[in-house]
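User: I have a model open on my screen and would like to talk through its fold with you. Could you take me through it piece by piece?

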Amino acid sequence: MNALITGVAGFIGSSLATELTAAGHQVIGIDCFTDYYARDVKEGNLRDLMGLPNFRLVDAPLQTVALEPLLEQTSQVFHLAAQAGVRGSWGEQFRTYTTHNVDATQRLLEAVRQHPSIERLVYASSSSVYGDIATIPMREDSAVQPVSPYGVTKLAAEHLCHLYHVNYGVPAVSLRYFTVYGPRQRPDMGFHRFIRAALTGQPITLFGDGEQTRDFTFVGDIVAATRAAGDRGRPGAVYNIGGGSRVTINHVLALVAQLTNRTLDIRRLPAERGDMRDTFADTSRARADLGFAPAYSLESGLAAECEWLAGLVHRSAP
């Protein structure tokens, strides 16, 4: 298989590229290294890929890169590039989100529709599209009403995938990821912040009362589902991808304390705008069509992230 991965230097993109190259597939990765977090972190994600004969990096914005030559031999496209983060999507920053999440997606879809030999375009959407009105567990046919500008842009890109499928036959499949964690997790994400703070003896900032719940999904399960969607996802379909570990943030913090053998210094602040109260995925559609079944428990996945972060902290110590 020849795969094109957008956002290849990110948390999920680099993990997917590692799996595909290890399986012998040819991978072209695109990334523009936005300044949402440090470039050296993203370059670290790619360290084991650079120099491989079956991996090529294209350092360019998706909005301007010449896509035609990159798609000529491509059989599967994995669209993971996006401006991430709920809290930063308000105000003047919203234009950044529309540029990276909506405009870039539309340009990619336009290019893909010129290549009917492409088997699948897998788009990485988010549980943020649901908002707080969907019933628990959330089903793909539930009402969607995002409560953050970020969620609005992810849903808009989903709609673009659907209309390009309906009108042009683009074999687009959308995956709604539920709170992904694990090694290489972005430094702004909750588990990364909690574990690093525990390991270094720093205070932990917690927004809200900690009783909000999330359906936490290990990155290895996300990669497995994404690969399955590329092979047998139903074009035009949307799938929830959740880990089946719906727990409170307070429970997560207790696990972090246990795994790191540290006493946590938790500083609680009011909940921020755009943060959903609860998420939990109904994954029966993904189970039926993709054969998706989470392989990692929250405890084992969190232990893997603790081990990875402990190594980073040790290497960065003076």
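**The sheets**

User: How many strands form the open sheet with parallel pairing, and in what order?

Analyst: Seven strands form that open sheet, in the order 3-2-1-4-5-6-10, and the pairing is parallel. The edge strands, each pairing on one side only, are strand 3 (55-59) and strand 10 (238-241). From one strand to the next the twist averages 20 degrees. This is a predicted model, in which local features need pLDDT of at least 70 and side-chain atom pairs count only at pLDDT 80 or more, while totals for chains, interfaces and linings use all residues. Residues are numbered from 1 along each chain as its sequence is written, and side-chain values use heavy atoms, with hydrogens and water left out.

User: What counts as a strand, and what counts as pairing?

Analyst: Strands (E, at least two residues) and helices (H or I, at least four residues) are DSSP runs numbered from the N terminus, and two strands pair if DSSP finds at least two bridges between them.

User: Which strands does strand 1 run parallel to?

Analyst: Strand 1 (residues 2-6) is joined by five bridges to strand 2 (residues 26-31), and the two run parallel; here asparagine 2 stands opposite glutamine 26. Four bridges join strand 1 to strand 4, again running parallel, and alanine 3 has glutamine 76 of strand 4 as its bridge partner.

User: And strand 4, are its faces covered or open?

Analyst: Both faces of strand 4 are covered, with Gln76 and Phe78 buried on one side and Val77 and His79 buried on the other; buried means under 20% relative accessible area, exposed over 50%, and partly exposed in between, with a 1.4 Å probe and protein chains only. Strand 4 also runs parallel to strand 5 (residues 120-126), to which four bridges join it, and histidine 79 stands opposite tyrosine 123 there.

User: What about the sheet with the order 7-9-11?

Analyst: That is an open sheet of three strands with mixed pairing. Strand 7 and strand 11 stand at its edges, each with a single partner strand, so one side of each has no neighbour in the sheet. Two bridges join strand 7 to strand 9, which run parallel, and tyrosine 181 stands opposite phenylalanine 218 in strand 9.

**The helices**

User: Switching topic: which residues of helix 10 are buried?

Analyst: They are Leu298, Gly301, Leu302, Glu305, Cys306, Leu309 and Val313. These residues cover an arc of only 140 degrees around the axis, taken from the directions from the helix axis to the C-beta atoms, which puts them on the same side of helix 10.

User: What covers them, and what sits on the face turned away?

Analyst: The cover includes strand 7 (180-181), helix 6 (190-200), strand 9 (213-218), strand 11 (245-248) and helix 8 (249-260), where contact means heavy atoms within 4.5 Å. The face turned away from the buried side carries the exposed residues Glu307, His314 and Arg315.

User: How do helix 4 and helix 5 pack?

Analyst: Helix 4 (residues 94-112) and helix 5 (residues 149-168) pack at an angle of about 10 degrees, with their axes 9 Å apart. Axes are lines fitted to C-alpha atoms, for helices over the stretch in contact, and angles run from 0 to 180 degrees between N-to-C directions. The two helices are therefore roughly parallel to each other, a description used for angles under 35 degrees. Residues that meet include Phe94, Tyr97 and Val102 from helix 4 and Tyr150, Leu160 and Tyr164 from helix 5.

**Backbone details**

User: Where is the cis peptide bond?

Analyst: The cis bond joins isoleucine 136 and proline 137, with omega about 0 degrees, and proline 137 lies in the loop between strand 5 and helix 5.

User: What is the phi of threonine 179, and of asparagine 261?

Analyst: Threonine 179 has a positive phi near 35 degrees although it is a residue other than glycine, and it lies in the loop between strand 6 and strand 7. Threonine 179 counts as partly exposed because its relative accessibility is 26%. Asparagine 261, also not a glycine, has a positive phi of about 55 degrees and lies in the loop between helix 8 and strand 12 (266-269). At 69% relative accessibility, asparagine 261 counts as exposed.

Key
Parallel < 35°, antiparallel > 145°, perpendicular 65-115°, else oblique.
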